Amino acid sequence: MGAMNELIDAAAVDGLRRRLEALGAPAAASISWTELAASVDRLDDLNLRARSDLVSAALIADLQAAGSADAEAWAGIVRSLLLDETFRGWTIWPVSETVTTLSLADGSVEAFDDGLRLLGELTPRLTCEFAIRRFLEADLDRALGIVQGWTSDQDEHVRRLASEGTRAFLPWAIRVRSLLAHPEATIPVLDALVHDESEYVRRSVANHLNDLSREHAPLVVETAARWLSAPDANTRSLVRHGLRTLVKRADPAALALLGFEPVVVEVSDLRLGDATVVLPGELDFAFSITNAGRSAAKLAIDFAVSYVKSNGTLAEKVFKLTTVELAAGESTTVRKRHGFRQMTTRVHYAGTHAVEVQVNGERYARTEFEVLLEPIPASR
């Protein structure tokens, strides 16, 4: 099933069970973790998310069997586990999901708030960016009120949770409808973290901004422009990373904000190392670019690959290549090696593909190449 799925494997689950059995906390003393033990035999053929859900359901079943399936009792157990600094790793995910399930099932404001506080305590051991999503969906305003407080926490993992857990399109995570409906709601969180001392946190802020750009370009450009009006040493690189999707989409406002104005360039001699790519393989290509304008030009150079889909049509994806500054009349050569491998996130199909150069949002040279799923047999 892949290495990622094995992050929650039989050994990890059994380790969690042993920790729970060893607790001296009164809340855990009467619990027999039989469902948790049995869940080990059901892990095979499940992806990582499904394994987390399975383990969380087993934890809840064991708590219910002991009459302890309430938020306060589970919070006490988890805080006892946290007294051991070695309690960390991917089994934190189902533990945190259990916190969320029981806190929301309680229905009280007290359980809601303490559940979120507990996620903040857990996240230095393993990010709780997935478990927080259901809190946001249940009561966005209340959850964001607590999240905003995390932006000044001493622990960078907690500060990052404030940004990462509230991303609109967080990978592997459920979509939060209230976040999608109110994209401006998380801007105060980003404002509080844009100058964070931790690159780990700043990268999350940039990714959060990039998420918003998928559907709310004006809001993103406005926010980025405001940050650039009072920058520190890291602001420009953060903004550049946060606007990367808009740059690939040739958004004029985003390009202008980063200094990529309309230019007069000539792209020539787009050449391929080989006009056929056999999977797994690589496409080598190079081209020359000349600033044909009368003044220096700052260039955002990207490339677009048109992939053959299962129905034979083409689907395009733009990739970042490089940025350069050329004096008037100056030329440079750009080279790239682009990989083609079958992945769960991209399935390749045989057929005629194309690669095209994009400079400051405008398209230039284009050439086609063939993709084969296996080598052509040698003639006998």
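A salt bridge here is a side-chain nitrogen of Lys or Arg within 4 Å of a carboxyl oxygen of Asp or Glu. Keep that in mind while working through this predicted model.

**Exercise 1.** Work out whether R17 and E21 form a salt bridge, and where the two residues lie.

*Solution.* Start with the distance: the closest N and O atoms of R17 and E21 are 2.9 Å apart. The cut-off is 4 Å, so the pair counts as a salt bridge. Next, look at the location: both residues sit in helix α1, 4 residues apart, or about one turn of the helix. Last, check the cover. R17 counts as buried because its relative accessibility is 17%, while E21, at 47%, is partly exposed.

**Exercise 2.** Find which parts of the chain the D196–R159 salt bridge links.

*Solution.* First, the contact: the side chains of D196 and R159 meet at 2.6 Å, N to O. This pair ties together distant parts of the chain, with D196 in the loop between α12 and α13 and R159 in helix α10, 37 residues apart. Then the cover: D196 and R159 are both buried.

Terms used:
Residues are numbered from 1 along each chain as its sequence is written. This is a predicted model: local features need pLDDT of at least 70, side-chain atom pairs count only at pLDDT 80 or more; totals for chains, interfaces and linings use all residues. Side-chain values use heavy atoms; hydrogens and water are left out. Buried means under 20% relative accessible area, exposed over 50%, partly exposed in between (1.4 Å probe, protein chains only).
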